[in-house]
Amino acid sequence: IDPFLKKEWYKLVAPSIFSKKDCGKTIITKTQGTKIASDGLKGRIIELSLADLNNDETKSYRKIKLCVEDVQGYNCLLNFHGMDMTRDKLCSLIKKKQSIIEASVDVRTTDGYIIRMFCIAFTKKVDNQVKNTCYAKSAQIRNIRARMVAIMSELGSKGDLRTLVKELISAPIGEQIEREAGGVFPIKDCYIRKVKVLKKPKFDVTALMEWHADDGTDVGQAVEPAVEEETLVAGSGGRL
């Protein structure tokens, strides 16, 4: 007997902050007796490239983890679960004759998620530098690390998770850290290397549906008035 006859396919639906909602399919054994298919799907982690989710090849080094939170019909509604960097991108940044500066911080968003963020940066040579190396002193590294932690803490705790994810995938935070820490020692290639969701609040369907309600902000097509009302509801939790 072919085991695939007992299986069925479910569609994966990504949150509306990504431009591509339909991001794949997953397979599970059909409901049989007390073993319910949707229970087996909940909690599954899907890892996708941000290049595929946003149709933007420049972000191909970003990996996004999404978690199946709810199953509606044959649709699995996904929520943000974490972010990572591909190994080849990370290895391409690490070189000799420069200092590596790393920092991590735990933040609580306004909607009750506890997030751990990891940041990485490298020292760089100043213009017209003759010396071959650009190592920072340990005091300078501590100072830069403190600034990294302060910026990440402020970013994480000022809004909800949705706002934070939007900031992270557009990635202006690395440039902000470079500007603010540049006064201590010139740095380059500053990235939020990894983001983990440590704790989630109790499951709430309405909060999940906010993630899946169309913003209408990124889409350049004409919208009907009814959709505009939804826009106000979806964005009311934080900065659009």
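**Salt bridges in a predicted model**

Visitor: How many salt bridges are there, and what makes a pair count as one?

Guide: The count comes to 3 salt bridges, a salt bridge being a side-chain nitrogen of Lys or Arg within 4 Å of a carboxyl oxygen of Asp or Glu. This is a predicted model, where local features need pLDDT of at least 70 and side-chain atom pairs count only at pLDDT 80 or more, while totals for chains, interfaces and linings use all residues. Residues are numbered from 1 along each chain as its sequence is written, and side-chain values use heavy atoms, with hydrogens and water left out.

Visitor: Why is the pair of Lys 200 and Glu 69 called a salt bridge?

Guide: Happy to show you! The closest N and O atoms are 2.9 Å apart, and the limit is 4 Å, so the pair qualifies. Lys 200 sits in the loop between β8 (187-199) and α7 (205-212) and Glu 69 in strand β4 (residues 62-72), so the pair ties together parts that are 131 residues apart in sequence.

Visitor: Why is Glu 69 called buried?

Guide: Buried means under 20% relative accessible area, exposed over 50%, and partly exposed in between (1.4 Å probe, protein chains only). Glu 69 has 16% relative accessibility, so Glu 69 counts as buried. Lys 200, with a relative accessible area of 32%, is partly exposed.

Visitor: What makes Arg 116 and Asp 106 a salt bridge?

Guide: Their closest N and O atoms are 2.7 Å apart, which is within 4 Å, so the pair meets the rule. Arg 116 is in strand β7 (residues 114-123) and Asp 106 in strand β6, 10 residues apart.

How values were computed
Helices (H or I, at least four residues) and strands (E, at least two) are DSSP runs, numbered from the N terminus.
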